[in-house]
Amino acid sequence: MKQTQRESLGTGCLLLMSSAVSATAANLYYNQPILPKIGAELALSSEQLGSIPAAGQIGYAAALLFLSPLGDKLPRKQLISILSVLLVLSSLVASNASSLLAMVFACFAIGLSANITQQLIPFAASLSTSETKGRVIGTLMTGLTVGILLSRTVSGFVGEQYGWRAVFIMSAALASLFGVLLYVFLPSNKPTNNMPYLKLVGSMATLVKQHAILRKSALTGALWFASFNALWATLALHVSEAPFNYNAQQAGLFGVVALAGVIGAKVSGAIVSKFGSSKMINMALVLIVVGFAVSGMFGDHLMGLIVGIILIDLGVFSAQVSNQVRVFSIDPQAQSRINGIYMLGYYLGGAFGSFAGVLSFEHFGWHGVAVFSALMVVASLVVNNRKDKGTAAQAEFNV
């Protein structure tokens, strides 16, 4: 069985899946840098513009609840192909949109189809062995990190040079390319779960109740991701003021600094099997707290911000890989649903962090953001070290 899995997930296939994760995740963020250009051409107010990225995020959240479970019922290769077609079509609709309604509809559909990412990650985990799971997830998270952090830079450049519609045409072209490659080269799987769809979605609540380690992992991740989003929701606001007075393009360059997260994902994936998920998460969370301490105390100095961001991103993506290794070890027959539950908690934590971070900045400035974020990480550390009762404690995997 192990030999079959290794043949199904060779180096080339893993690289393809990681690249596809990167290209797909970027779709959730392409619209952010080009919002002013969209607003100018379609004559939209600030409130109307805000509904465009919100539609994509809502679509993504809906997909976690209603599409992710299908990975445990349908062949994932087939499901990914359908989502790829949807991503191509919705990107083309966005590129030709002439009204707010069309734009919102297209971005919602883009958010739904971005569920490709959350199908590929559990697919790769199911094809890996216990010995290679950390490395496999670390590689995929490297792709995810690159996609998230560079999406705004790529979108801003293409939008500035060729117009905002070209960004969505680029998205459609990439979706077409990866859709074909994934259809040709992904291995086939045949899930044994024949549960009716509504019962399948409803079973997610049962999984939450059944697995204490899933509840712990979801809450742990939600808390640290809240701190991460608080940072990125307010960083541009902070550096736009004195003593920096940076413009939007200069502020966007901090995304390049954040690529340090790639190192965290790779290193964590390589050594998590040696130290165990829980210990790796603890070490990563301590690193994040130190990062917020540095960025808080030296936030008025460029080097202080850079060092703080590097430490935070190293810690966040290291913790994410270790946490997902733990999550994917719970129930091999329910990996898509479990991943959907975990990522939904992660997503909700991030949304809360963005909201609370902006409030903290408005009332207490950058130092308030740093304190709020550090408290969220400390809370995450407490949850991660909470002792579970009963047999669920056995799920504290050392893989």
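Before the first stop, a word on angles: a helix axis here is a line fitted to C-alpha atoms over the stretch in contact, and the angle between two axes is taken between their N-to-C directions, from 0 to 180 degrees. Keep in mind that this is a predicted model.

**Stop 1: two helices side by side.** Select residues 212–239, which form helix α11, and residues 302–327, which form helix α16. Their axes are 11 Å apart and meet at an angle of about 155°. Angles over 145 degrees count as roughly antiparallel, so α11 is roughly antiparallel to α16. The crossing of α11 past α16 is left-handed.

**Stop 2: the largest nonpolar core.** This core has 116 residues. Select Met17, Ile38, Met103, Leu120 and Trp224, the members that touch the most others. Next, colour helix α17, residues 335–384: with 16 residues, α17 gives the most to this core.

Zoom in on Met17. Beyond its neighbours within four places in sequence, which residues is Met17 in contact with? Look for Leu9, Leu120, Phe123, Ala124, Leu140 and Leu186.

**Stop 3: a threonine in helix α8.** Select Thr142, which sits in α8, residues 133–162. Is Thr142 buried or exposed? Its relative accessibility is 14%, so Thr142 counts as buried. Setting aside residues up to four places away in sequence, Thr142 touches Val262, Ala265 and Lys266.

Technical notes:
Residues numbered from 1 in each chain as written. Predicted model: local features only at pLDDT ≥ 70, side-chain atom pairs only at ≥ 80, totals over all residues. Heavy atoms only, no water. Helix = DSSP H or I, 4+ residues; strand = E, 2+ residues; numbered from the N terminus. Parallel < 35°, antiparallel > 145°, perpendicular 65-115°, else oblique. Left-handed = near helix turned anticlockwise from the far one by under 90°. Core = buried A, V, L, I, M, F, W, Y, C linked by side-chain atoms within 4.5 Å. Buried < 20%, exposed > 50% of the residue type's maximum accessible area, 1.4 Å probe, protein only. Contact = heavy atoms within 4.5 Å.
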